[in-house]
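Here is a note for a colleague who is starting to read structures. Please keep the model open beside the text and look up each residue as it is named.

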Amino acid sequence: MTGLEDLYKEVILDHYRSPRNKGELPTPPAIMEEGFNPLCGDDVKVYVILEDKVIKEIRIGGQGCSISQASASMMTESVLGKTLDEAKEVFERFKKMMSSHENDLNSAESSLDETPSSLGDLEALKGVVKYPVRIKCATLGWNTFDQIIDSVEN
Amino acid sequence: MSKSIFDPQVIKKEFPLLERSVNDNPIVYLDSAATSQKPIEVIERMNDYYKEINANVHRGAYHIAELATEEVEETRRKVHRFINSNSEKEIIFTKNATEAINLVSYSWARSQLTDGDVILLSSLEHHSNIVPWQQLSSERDIEIRWIPITHDGQLDLDNIDELLKGVKLLCVTAVSNALGTINPVKKLVEAAHKVGALCLVDACQSTPHFETDVTDLGADFIAFSGHKMCGPTGIGVLWGRLEILENMPPFLGGGEMILNVTSDGFTANELPWKFEAGTPPIAEIIGLGVAISYLEKIGMGAIREHEQKLTSYALQMLNDRFGNDLIIHGPQNPIDRSGVLSLSYRDVHPHDLSQVLDQYGVCVRAGHHCCKPLMKLMGLNATARASLYIYNDESDIDVLADAINEAGKIFA
């Protein structure tokens, strides 16, 4: 393999092969939102059970490519047990990483290192910004999760 | 005999884009079902138009305007000959095939169809031959019915007589862009006419690859795009039978499509200009004319022969090399299909497969190919589609196979 190491990091492939929190939850009590990537037909369903605005359970349904599936899997790990506000904060940081230009990668890395709470496994997705078409894959689960936050808050 | 005329190595050299590299590998372009590459003569002629005779058409009574108008109308005559229509008045230039189909939907269907009428679609249609009819059926009580498919992606015509009951319009693609299935269009046209229905043929995936003869086909409308047949984007064609076109109201209103305008109203222009409102894409029309001459020079028969041979090679070689790991959807017999290879490789997602292929310079399309209803019937979410054309040869298929193998290593 040449040149794809930045995209298909081992941790991404691991989440793709063994997705965490995959499945469905009964609605209600769970809230479900569905997101589509019209470009490739991928769809993702995010199920969340909240208790006092804390994410008690989360599941990912639907299907998609390695990047969308791995990103959604990592998302579940990074937001489970957090409050919605804390989850939103992670999402903001993730979005920032996804919108950084390829040339900013190195500086983005240092600024991420300085922040007290790292993005953990999610940082493996940093290489996706080199492949603009795939950014939509990486953010599909997150944007769907964001719809849940919106529906709870409004 | 065909070898002396047809040599993909020689043809390849006529397409400047195919000289470039992608990710340090020579490009292997296998996405001609989405758009074909353009031969140098098309590109240069379009440039020359802007450099030498750029003027609006059908208006100016000066030399370069006359030259530009003549080139546009010469292309119309070329299209007329190329598809063997009855009259050049039957050739309407549109932006693309999608606009051509919408023209039929807005002008013919909205003036002819009423509540209770039925439109029959094949399950192999592209969204462009589905959505305009769904838009219509959301406005009126018009039923949309579907011709089912067999497991290998061919139309299942066992109940066609039943399906055609009450049908006013049959819409069918000549060749499936997602699977490569060649449909028995002539037979379908005959069946449609028997019940008094018209037939619209989406010819986007057939005009670039084999001979189109609308007189022999007997259809009522065909739509195709220039950019899939070596021409530029932004130019498509609607062909319709003269007597039908004559009775259709104009679609878009504006300049060019009128004979006279007063403060009280307008009189529509004659065919074909009645359907060509506004300044047309002049350079693109001229480019399409050059593309047609280019294809005619090679010969549509030779093109089909080459693609069929190459498709046979690809089916055989990929099957030998990957066995059950690689599924090539659609008809298995090369006679029943065009050079479209819709692939599923193990459980590697098509997006990931095409990403790895890109690393090796191989351009394929991943996704649902604008055929979501078909994909659902096939039980698929997406495939990776490799599609062949005149400039492809066996070495391109070999590179494709090597790159698929590399994807297998990453997603082992």
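**Notes on the model**

1. Both faces of strand β10 of chain B are covered, for G236(B), L238(B) and G240(B) on one side and V237(B) and W239(B) on the other are all buried; here buried means under 20% relative accessible area, exposed means over 50%, and partly exposed lies in between (1.4 Å probe, protein chains only). Strands (E, at least two residues) and helices (H or I, at least four) are DSSP runs, numbered from the N terminus.

2. A word on the basis of these notes: this is a predicted model, in which local features need pLDDT of at least 70 and side-chain atom pairs count only at pLDDT 80 or more, while totals for chains, interfaces and linings use all residues. Residues are numbered from 1 along each chain as its sequence is written, chains are lettered from A and ligands numbered from 1 in the order in which they are written, and side-chain values use heavy atoms, with hydrogens and water left out.

3. Which strands pair with β10(B)? Strand β4 of chain B (residues 91-94) pairs with β10(B) in the antiparallel sense over 4 bridges, and strand β9 of chain B (residues 221-225) is joined to β10(B) by 5 bridges, also running antiparallel. Two strands are said to pair if DSSP finds at least two bridges between them. V237(B) is the bridge partner of F93(B), and V237(B) is also the bridge partner of F224(B).

4. Turning to a helix, α5(B) covers residues 97-112, and its 16 residues should span 22 Å at 1.5 Å a residue, which agrees with the 21 Å between its end C-alpha atoms; the expected span is 1.5 Å times one less than the number of residues. Because 12 of the 16 residues of α5(B) are buried, the helix is largely enclosed by the rest of the structure. Among the buried residues are I101(B), L103(B), V104(B) and W108(B).

5. How many aromatic pairs does the structure hold over all chains? There are 11, where rings of Phe, Tyr and Trp (its six-membered ring) pair if their centres lie within 6.5 Å, and planes under 30 degrees apart count as stacked, over 60 as edge-to-face and the rest as tilted. Y16(A) and F411(B) form an edge-to-face pair, at 6.0 Å centre to centre and with 85° between the planes. Y16(A) lies in helix α1 of chain A (residues 10-17) and F411(B) in the segment after α15 (394-410) of chain B, so the pair joins two chains. Both Y16(A) and F411(B) are buried.

6. The rings of F15(B) and Y391(B) have centres 4.8 Å apart and planes at 70°, so this pair is edge-to-face. Because F15(B) lies in the loop between α2 (8-12) and β1 (21-22) of chain B and Y391(B) in the loop between β17 (383-387) and α15 of chain B, the pair ties together parts that are 376 residues apart in sequence. F15(B), Y294(B), Y389(B) and Y391(B) form one aromatic cluster.
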